[in-house]
Structure formats: structure tokens, C-alpha cells
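Hi everyone, thanks for making time. Have a look at the screen with me, and we'll walk through this one together.

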Amino acid sequence: MSYETPETSDDSRFWDEAAQGRLVFQRCEACSYVRWPAAGVCPECLDRRFVWEEVEPAGTVWSYAVYHRAYAGHLKERIPYNVTLVELDCGVRLLSTLVGFDDDAPVGARVRARFEAVGDHSVVPVFGPA
Ligand SMILES: [Zn+2]
């Protein structure tokens, strides 16, 4: 696989690495800003140069909500499910799901990524207690 396209909002590298149990994001080569979602230009300095870089898969729960309605077919069997915004230590805020918490709304809790298969072909990062 090659990921050498200099300008891209293609996020396939993120998903390919997640399937291997790694979190990677684009880091701006000009100002070092780590960004998500993937973009062809840095939102901080507008430079187009970037590298994909593995980050520590750790962060803090920033926001948390429980959904009682499935907005995608594969979620029907998970109702109720949570949608969580995790602020990673690298600065990226990533929408995900919390696993392994008994209490509701653990905002501020330290979490660490785990990688969970969804369907037959995708692996997604979810977060559990650090
Ligand atoms: Zn930048």
C-alpha cells in the first residue's frame, strides 16, 4: 500500500492502521498540529504537507450521550448505545464508544483505546478504562 499522495482527505490510512491495533493521524509538517478528520490542508496554518503518525491511544472522556434509537442498521442490536467524544492526549477529539464503564456519563475519566471488529470487514477504536 502507498500513502504518498501529498494532498488528501483520504482517511483510509486511519482505518488500515486501526485494523492493526494502532491509532494514526495526520501531523502537519509545518506546525506539528495533529488533525482529525483527515484533510488536505492544515486547519491551523493552511500548509499542505503532513505525515501520518502513530499516537498514544490514551485520552480523557470529553462528552458522553446514550442513544436509544439506531441511526444505522448495525446499531439496532446495541440499543441503548453510547456515543462518546474522547479528547486524546495528542489533542484530537475522536467520536467513539465507551466500553467497560458501569456508571453513566464518565466525563473526565481517563481512557485507552481498544480495537473492536464491527461487521465482517471493519475494525473501530473504542475506549475503555485506562
Ligand atoms: Zn499546520
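Let's start at a hairpin: strand 1 and strand 2 form it, with five residues between them. Strands here are DSSP runs of E with at least two residues, helices are runs of H or I with at least four, and both are numbered from the N terminus. Before I go on, please keep in mind that this is a predicted model: local features need pLDDT of at least 70, side-chain atom pairs count only at pLDDT 80 or more, and totals for chains, interfaces and linings use all residues. Residues are numbered from 1 along each chain as its sequence is written.

In the turn of that hairpin you'll find Ser 32, with a positive phi of about 70°, although Ser 32 is not a glycine. Is Ser 32 buried or exposed? It is exposed, with 11 other C-beta atoms within 10 Å. The cut-offs are these: 20 or more other C-beta atoms within 10 Å of a residue's own make it buried, 12 or fewer make it exposed, and anything in between is partly exposed, with C-beta atoms placed from the backbone.

Now the strands on either side of that turn. Strand 1 covers residues 24–28 and runs antiparallel to strand 2, with two bridges joining them. Two strands count as paired if DSSP finds at least two bridges between them. Strand 1 also pairs with strand 3, again in the antiparallel sense, over five bridges. Put together, the three strands make an open sheet in the order 2-1-3. Strand 2 (34–35) and strand 3 (50–54) stand at the edges with a single partner strand each, so one side of each has no neighbour in the sheet.

Take Gln 26: its bridge partner in strand 3 is Trp 52, and in strand 2 Gln 26 stands opposite Arg 35.

Arg 27, also in strand 1, has Val 34 as its bridge partner in strand 2. Arg 27 is partly exposed, with 18 other C-beta atoms within 10 Å. Leaving aside neighbours within four places in sequence, Arg 27 is in contact with Ser 32, Val 34, Phe 50, Val 51 and Glu 53. Contact means that the C-beta atoms of two residues, placed from the backbone, lie within 7 Å.

Let's move to the loops. Most residues other than glycine have a negative phi, and most peptide bonds are trans. In the loop between strand 2 and strand 3 we find Leu 46, where phi is near 70°, a positive value in a residue other than glycine. Leu 46 counts as exposed, with 10 C-beta neighbours inside 10 Å. The loop between strand 2 and strand 3 also holds Pro 37, and a cis peptide bond joins Trp 36 to Pro 37, with omega about 5°. Another cis peptide bond joins Ile 79 and Pro 80, with omega about -10°. Pro 80 lies in the loop between strand 4 and strand 5 (81–88).

Five strands form an open sheet in the order 6-5-4-7-8, with antiparallel pairing. At its edges are strand 6 (93–96) and strand 8 (122–129), each pairing on one side only. Within this sheet, strand 4 (residues 58–67) and strand 7 (residues 110–118) pair over three bridges; Gly 59, for example, has Val 111 as its bridge partner in strand 7.

Stepping back, how many helices and strands does the protein chain have? One helix and eight strands, in the pattern α-β-β-β-β-β-β-β-β along the sequence. The chain is divided into domain 1 (12–54) and domain 2 (58–129), with bounds from an automatic or database domain assignment. Seven residues of domain 1 are in contact with nine of domain 2. On the side of domain 1 that touches domain 2 there are six nonpolar residues, one polar and no charged. Here Ala, Val, Leu, Ile, Met, Phe, Trp, Tyr, Cys and Pro count as nonpolar, Asp, Glu, Lys and Arg as charged, and the others, Gly among them, as polar. The centres of the two domains, taken over C-alpha atoms, are 21 Å apart.

Last one: buried residues make up 17% of the 130 residues in the chain.
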